[in-house]
Amino acid sequence: MIARTGGWIAAALLALAIGIFPYLGDLLDTRFPTSYELRLVMRAMILGIVVIGLNILVGFAGLVSLGQAALMGLGAHAAALLALRADWPFAACLAASVLVPALMGAVLAFPTVRVRALYLTVITIAFGFVFVNVLREWVSFTGGASGLASIPRPTLFGERLMATRAAGFNYYYLIAVCLMLALWVQWALARSRYGRAMRATAESENAARALGINVTATRTLAFAISAGLAGLGGGLFANLALFVNYETFTFSASIELLLMTILGGSGTLAGPVVGTAVLFAASQALQGLQEWQTFAYGALLALVLFLMPEGIVGGLARLRAKLAGRGAQERQTGAWPHFVPGFDALTQDRDEPGQATLITRDLTLRFGGLTAVNMVDMEVRSGTVHALIGPNGAGKSSLLNVVSGFYRASAGTVTLFGQAVKDQPPHVLARLGVARSFQNTELFGRMTVLENVLVGCHIRYQATLAETLLRLPRFLREERERLAEARLLLEVVGLTDFAGEQARNLPFGHQRRLEIARALALRPKLLLLDEPAAGLTHGEIEDLVALIRGLAARGMTVILVEHHVEMIMAVSDRVTVLDHGEVIADGPPEQVQDDRAVIEAYFGHGAPAAQATVPAQ
Amino acid sequence: MEAILQYLLTGLSVGSVYAMVGLGFYVMWSAAKAVNFNFGDIVMLGAVLTVVLMDVGVPLLPACLGAVAAAALLAAAIERGFVRPFNREANAIGWMLTTIAVGTMIESATTALFGSNPRRLETPLVEAPLRIGGSGIYPQELLLPVALLVVAVGLEFFYRRTITGRAMRAVAYNRTAAGLVGIDADRMTLLSFGLAGLLGALSGVLIGPVIQASATMGAIIGLKGFLVAIIAGIANARGVVIAGVLYGVSEKFIEAYLSTAARDAIGFSLMVLLLLLFPQGLFGKAEFKKV
Amino acid sequence: MSAPLLQAEGIRVSYGRIEAVRGVDLHVGAGEFVGVIGSNGAGKSSLMRAIAGVLSPAGGRVAFGGEDTTGQPSHRMVARGLAMVPEGRMIFADQTVRENLLLGGYSRLRSDPQGVAADEDRMLTLFPRLKERLAQEAGTLSGGEQQMLAIARGLLSRPRLLVIDELSLGLAPVILDMLFPVLAQLNKEGLSILLVEQMASYALSVTDRTYVMENGRMLFDGASRELANDPRVLDAYLGRRKAA
């Protein structure tokens with residue numbers, strides 16, 4: 001809460017400072033902001049806009065662009081060329097300076113982020129080089145080294161925009177408004193499903209996909225927004241300088257932008273402003289270094305990465321958390337499962353009772369020469385708990401991964417809720433109603449407990465990006481509803497007191513609870529749990545059993561991969577046993593427990609006469 | 001006809017450099033699943049240090065050897081100081097930023113110390129061009145494909161026939177298993193970056209006489225080498241060689257029939273397009289992502 | 001009695017916040033054949049990884065050959081004479097069978113090439129099926145052959161202690177009937193072996209002494225011959241509790 005109001009106060013102070021600055025001389029009775037200083041501040045604000053864009057990319061989506069200066073240049077040239085050659089009005093030019101780079105960003109991102117996030121970085125460097133090259137060589141269009149001069153002075157609503165006293169510093173204030181808008185966009189994104197999805201993909205791609213997030217689309221969107229803001233900075237720059245050429249938008253300018261982002265603290269909301277201000281001021285001082293200036297940027301970047309990878313704002317936040325942590329009160333862990341009144345409403349999406357929720361036929365999965373899953377026929381009835389067991393390497397998790405879309409089956413069919421779904425990616429299956437947990441709990445570690453659950457609600461938002469950024473009623477209503485749901489789910493798993501804690505700081509048992517709460521936020525019809533009991537204590541396992549039974553009683557279908565035999569016997573309605581990728585037994589737990597083939601698969605042949613030593617339960 | 005032959009030869013020559021640099025990326029990626037992002041600077045240092053050594057009176061060949069050795073050592077040092085500490089977790093990107101930082105430092109320091117003007121790197125092979133029909137080509141340029149062949153065969157031999165090479169492949173395949181047979185995986189990674197540095201610096205020395213030595217010469221070569229490696233599928237050495245040569249040749253034809261400005265724009269768009277069609281690269285196998 | 005060859009005390013292993021091994025003691029005497037059994041997920045593999053230096057234990061102490069080796073990386077442990085055949089075999093699938101064997105002798109390939117060659121021949125007598133496949137890429141071998149190769153590769157460093165993690169993983173009983181006698185023979189020739197095995201009946205039939213693990217803890221240990229008929233073992237596997 002303090003951080004929130006603190007943020008608003010900081011933003012208000014920033015706006016006030018920027019607003020007063022041109023008239024500072026009148027207040028102090030000096031000739032302080034001369035047109036030179038005014039210009040510097042305007043350039044810093046423009047860089048701030050670009051860095052905010054880069055922060056959305058680096059800090060939220062975990063991607064790195066080294067062509068950000070070129071995208072800024074693209075915006076600048078789009079605005080300049082349209083004004084010069086097509087006589088477009090200023091407002092239209094500025095719009096183009098946002099849209100053209102945003103589109104370019106999408107085109108660059110889409111093919112690259114599918115494989116490795118790293119490839120985007122390489123492509124952005126390449127884009128930067130090509131951009132500068134084309135500007136330099138295509139003299140007839142871009143003016144080459146002499147650039148595009150005498151861009152007409154911008155006018156808006158008939159007013160000529162200038163940073164002079166006579167014009168009321170109107171261009172200065174326009175830039176300031178744009179900076180505030182960029183900050184708004186950053187804030188509005190961060191506190192919405194879009195920003196949460198971006199951060200989720202950066203933290204754990206797999207978990208994000210399992211929650212219905214289209215990773216490629218999310219990353220592409222992040223880069224498009226980032227490029228759009230870079231372009232806006234470029235458009236404002238072109239209309240400030242009234243001259244553009246390629247020299248402003250080189251690779252080393254991109255490095256400088258990246259340095260500002262990291263120095264300020266990537267992923268923080270105030271980081272871009274702080275980083276830009278600090279480095280911009282420092283760079284004015286460093287200009288005496290001439291050719292060593294770039295060296296200093298490199299050295300500074302390395303230094304920041306080694307000594308304070310979280311940047312200035314991130315470092316301060318950590319320090320404050322440490323100081324605050326000393327006096328913090330004990331958090332109460334609630335008992336779970338706590339089926340609170342509203343919970344039934346959250347689990348009402350279910351497959352019709354008695355239906356076959358999942359059917360696999362001849363399902364086969366091969367990796368190279370190895371057959372992990374071999375001709376598996378399985379049927380899971382709705383509202384039942386179905387356990388999948390077998391010795392190490394039997395293919396249980398592989399099967400689960402095929403059913404949830406993470407692995408593509410080599411042969412056979414999968415039918416979910418009566419629909420053939422073979423080869424559908426995980427995020428599509430999630431939208432159909434399949435949720436899952438992971439063997440090695442894949443939480444979004446740097447997001448809060450509450451945010452983790454909210455990511456689980458991702459697919460149940462309808463508000464568009466525009467509605468979200470403008471905070472229109474539909475967004476506000478949805479956000480309120482999801483927030484209430486998320487809190488309710490935290491209550492169900494007894495983590496209410498931990499809502500504001502970063503997920504990575506939770507004790508392990510709590511992490512498991514959170515992962516299940518997050519999966520439930522999807523309102524799944526089918527819940528897949530991959531070794532949910534691993535690492536839990538006996539007491540925790542009993543709670544888990546109660547939860548799973550409670551879910552099944554509400555009509556949810558649960559498939560469970562588990563080693564913990566005791567738990568399987570307690571919780572499941574039916575058990576399928578795999579060995580060497582094949583089904584070797586299938587039936588009610590008591591029957592499977594005494595199946596000779598099962599005991600041998602676990603124990604080896606020549607196992608002690610099981611029936612003789614241990615009476616069947 | 002002769003013109004086409006010339007484009008082919010010069011394309012082959014520049015493509016050989018891309019291929020060698022691409023191989024450097026392949027070697028680094030195999031060992032560490034990380035690379036020196038500013039690997040082009042190692043290429044540049046190969047050429048620039050040769051010029052510097054010749055300035056102080058060292059004869060050509062020892063100067064080349066000294067420059068390559070120094071650049072390779074630096075490449076290994078970058079692994080130790082800037083990649084390893086930032087590559088502890090899977091999918092870490094810290095090494096990307098730190099190698100960019102160190103690359104920026106190297107390039108700007110070189111600009112400051114060496115000067116921003118390109119310098120000639122004199123070898124006997126650039127004194128007089130050979131005449132092929134109406135146009136000429138330097139013997140130095142013809143040396144490049146030969147060098148690529150030697151490097152590729154040598155690398156193959158190293159990886160397949162020597163103990164250290166096999167140990168490096170073992171590390172690339174499975175670090176844990178390599179450790180369990182007594183291989184120091186960290187040391188092999190360090191050596192791999194050194195080896196990559198060797199390839200990069202060598203290609204710099206060889207292309208230096210053709211394009212002149214300068215502080216900025218490495219950036220574009222390094223970038224294209226990286227792109228070539230990505231397009232080929234970064235884990236496939238043969239693919240990298242083929243893609244490098246093909247890229248060099250197509251560049252020369254675009255340059256000849258369109259323009260120099262169009263060359264990089266088209267070449268680059270082609271790369272993006274190829275990546276769109278073949279996400280795993282032309283010769284890469286679909287990666288198995290463990291869940 | 002002199003200090004045991006391997007002595008592990010209070011070993012704890014965590015992955016992030018998961019505690020896989022929660023303070024476990026274990027020792028192996030020179031020439032002993034010791035088994036560790038337990039259902040999967042019991043923490044056996046994590047314990048072995050901590051002993052062999054694949055990961056650093058979060059707590060506890062490992063001593064090998066009388067020296068403290070806690071936290072030593074695996075390649076140093078190999079040089080000290082502790083080799084591990086990892087779970088899932090982890091052979092170098094892209095190299096030939098011969099190259100895999102050579103890499104097994106990596107730690108002494110330079111100092112003792114003849115010795116490695118001689119041992120290689122010995123391995124081929126021990127596992128004749130590998131002989132026919134020497135020039136083949138190891139990835140083309142069957143699961144059983146890969147396990148043979150993994151064992152042979154481990155032996156080529158001439159270890160004093162061979163740790164085998166999940167010998168039976170994914171192997172058919174026919175293969176296991178062939179592999180276990182080989183281990184027994186190696187042990188008879190003086191090699192100390194620490195065998196982690198889920199297939200308890202196999203482990204109990206060849207080892208001298210066996211530890212039973214469950215949920216990251218040692219449940220009990222004893223002479224394998226006695227444990228073979230102990231109903232507690234099966235209970236630990238199938239989760240049946242008398243007093244449940």
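Hello everyone, and a few ground rules before we start. Residues are numbered from 1 along each chain as its sequence is written, and chains are lettered from A and ligands numbered from 1 in the order in which they are written. Because this is a predicted model, local features need pLDDT of at least 70 and side-chain atom pairs count only at pLDDT 80 or more, while totals for chains, interfaces and linings use all residues; side-chain values use heavy atoms, with hydrogens and water left out.

Let's begin with chain A. Chain A has 27 helices and 12 strands; these are DSSP runs, helices being H or I of at least four residues and strands E of at least two, numbered from the N terminus. Its C-alpha trace spans about 100 × 55 × 45 Å along the principal axes. Of the 617 residues in chain A, 57% are buried. Buried here means under 20% relative accessible area, exposed means over 50%, and partly exposed is in between, with a 1.4 Å probe and protein chains only. Take the contacts in chain A between residues at least 6 apart in sequence: 73% of them join residues at least 24 apart. A contact means heavy atoms within 4.5 Å.

In the model, residues 171-190 of chain A are 100% helix and 0% strand, with end C-alpha atoms 29 Å apart. For residues 221-246 of chain A, the figures are 81% helix and 0% strand, and 27 Å between the end C-alpha atoms.

Now two single residues. Ala241(A) sits in helix α11 (residues 215-241) of chain A. Is Ala241(A) buried or partly exposed? It is partly exposed, because its relative accessible area is 30%. Ala241(A) lies 63 Å from Leu536(A), C-alpha to C-alpha, and the two are 295 residues apart in sequence. Thr441(A), in the loop between β8 (434-436) and α19 (449-456) of chain A, counts as buried because its relative accessibility is 13%. Beyond its neighbours within four places in sequence, Thr441(A) touches Phe508(A), Gln511(A), Arg512(A) and Glu515(A).

Over to chain B and its helix α5, residues 139-161. This helix has 23 residues and reaches 32 Å from first C-alpha to last, close to the 33 Å expected at 1.5 Å a residue; the expected span is 1.5 Å times one less than the number of residues. Its buried residues include Leu144(B), Leu148(B), Val151(B) and Leu155(B). An α-helix has 3.6 residues a turn, so residues three or four places apart point the same way. The buried residues of α5(B) pack against α1 (2-32), β2 (135-137), α6 (163-173), α8 (185-211) and α10 (237-257) of chain B.

Finally, the cavities. A cavity is a set of points on a 1 Å grid over the protein atoms alone where a 1.4 Å probe fits but cannot get out, and lining residues have an atom within 4 Å of a point. Grid points are joined across faces, edges and corners, and a volume is the space filled by probe spheres set on the points. How many cavities of 30 Å³ or more does the structure hold? There are nine. The largest cavity has a volume of about 140 Å³, and Ile125(A) and Phe37(B) are among the residues nearest its centre.

Note on methods: On a 1 Å grid over the protein atoms alone, a cavity is a set of points where a 1.4 Å probe fits but cannot get out, and a pocket is an open set with protein on both sides within 12 Å along at least five of seven lines; lining residues have an atom within 4 Å of a point.
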